[in-house]
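Try each task before you read its solution.

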Amino acid sequence: MRALVMTAPGGAENSEIRETQVPRPGPGEVAIDVSHAGLNFVDVMARRGDPGYVSAWPYVPGIEVAGTVRALGPGVEGLAVGQRVAAAPAGGGIAEIAIAPAALTVPLPDGLSAAVAAAAPAGLVTALLLLADAGRFTAGDSVLVHSAGGGIGAAIAQLVPALGGGRLIGTVGRPEKAAGAERSGYDVALARGEGLADAILAANHGRGVDLVLDPLGTTALDVDVEVAAPGGRIVLFGNASGTAPAPLPPAGVLLGRNLAIGGFSHRGLSAAAPHRIAAALRRILGLLAAGDLDLPVTEVAALAEVPAVHDLLAAGRGEGKYVVRLGAEG
Ligand SMILES: NC(=O)c1ccc[n+]([C@@H]2O[C@H](COP(=O)([O-])OP(=O)(O)OC[C@H]3O[C@@H](n4cnc5c(N)ncnc54)[C@H](OP(=O)(O)O)[C@@H]3O)[C@@H](O)[C@H]2O)c1
């Protein structure tokens, strides 16, 4: 079978399409004939060698797939060969055949396309859990999202209305990405730079923001604290620059400003509480199938084009969500 193989830390020069051995599912695992796989910034973090993302080189990236069950490992119940599914493998998803834990594999509702479903297990699930779980979003809350122009940013923009609606403000790293973020559903998208906190407060009609979703490590944390409303929640969920995070604000600031700062990790939750990832995935697939949620995806036609898309993400030039087609629609 063919897979995208990253041979060593670096860039696209170390990504190859290779024929590799067909993997077999172990106990509690499922082998999936992949129709489509989602592309994520996490693939880029693995590719450039950020600590903790790759256990051994060569490495096959890919943490979300949709396709058809090919084989069941020992002890797997409730799934069947030939069934259409979406799943969150720990890696190895950008391949014609992927192995995923059965606990993170969910049947697809009838009629839902695999291209859209492939954006659900990591991207849309992260967006849902950031809002509804870590962020305790309730209808009418205002939400600030950094890196609003990417895949997670687009997923959050689609989910806020589906969860009851609220004012949605995004930030982007380059001015030319702002229009795309607004097209994807942000009320206002701002390029990060001088005077950002004031611009965010003005965009929220002078009020503090109820929920801040921040994948920028701690580089924007001062701004987050400045713009958060009393009772506000700040959720840190990434470290795009890969630099060492700075210390969190002192307890006195959190007390005095009535703020909560928390974290979210899809990978951490997949390992510690997979049922919560699977429940979120079921909910997302249901919303998509019912037409209550829509996520436009850019379909990459061939495996060989993936390194160039990873280049776009690495340079902060990606727009919205990308999925790659690997097999038949299934
Ligand atoms: N915690 C979790 O479980 C989890 C799960 C999925 C994704 N994430 C995080 O969520 C973020 C969005 O993920 P995505 O897959 O949707 O990717 P994406 O938004 O398409 O791409 C990453 C974005 O990060 C921003 N960025 C900031 N500093 C950067 C740098 N030094 N190099 C490159 N990009 C930089 C860029 O946007 P701007 O310049 O416009 O800000 C870039 O477009 C990522 O940081 C990712 O690690 C976390």
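**Exercise 1.** How many positive and negative side chains does the protein chain have, and how far apart do the centres of the two sets lie?

*Solution.* Before counting, note that this is a predicted model, where local features need pLDDT of at least 70 and side-chain atom pairs count only at pLDDT 80 or more, while totals for chains, interfaces and linings use all residues. Residues are numbered from 1 along each chain as its sequence is written, and side-chain values use heavy atoms, with hydrogens and water left out. The tally is 23 positive and 30 negative side chains, with the two centres 2 Å apart.

**Exercise 2.** Work out how the protein chain is built and packed.

*Solution.* Start with the elements: the protein chain has 11 helices and 15 strands (DSSP runs, H or I of at least four residues for helices and E of at least two for strands, numbered from the N terminus). Its radius of gyration is 19 Å, close to the 20 Å from the globule rule for 330 residues, so the chain is as compact as a globular protein of that length. That radius is taken over C-alpha atoms, and the rule is 2.2 Å times the number of residues to the power 0.38. Then look at burial: 52% of the 330 residues are buried (under 20% relative accessible area; exposed is over 50%, partly exposed in between, with a 1.4 Å probe and protein chains only).

**Exercise 3.** Find the cis peptide bond and describe the rings around it.

*Solution.* The cis bond joins tryptophan 57 and proline 58, with omega about -5°. Proline 58 sits in the loop between helix H1 (41-47) and strand E4 (65-72). For the rings, count Phe, Tyr and Trp (its six-membered ring) with centres within 6.5 Å; planes under 30 degrees apart are stacked, over 60 edge-to-face, the rest tilted. That gives 1 aromatic pair. Tryptophan 57 and tyrosine 59 form it, edge-to-face, at 6.4 Å centre to centre and 70° between the planes. Tryptophan 57 is partly exposed at 30% relative accessible area, whereas tyrosine 59 is buried at 13%.

**Exercise 4.** Is histidine 205 buried or exposed?

*Solution.* Locate histidine 205 in the loop between helix H6 (196-203) and strand E11 (209-214). Its phi is near 55°, a positive value in a residue other than glycine. With a relative accessible area of 52%, histidine 205 is exposed.

Conventions:
Lys and Arg count as positive and Asp and Glu as negative; His and the chain ends are not counted. The place of a charge is taken as NZ of Lys, CZ of Arg, CG of Asp or CD of Glu.
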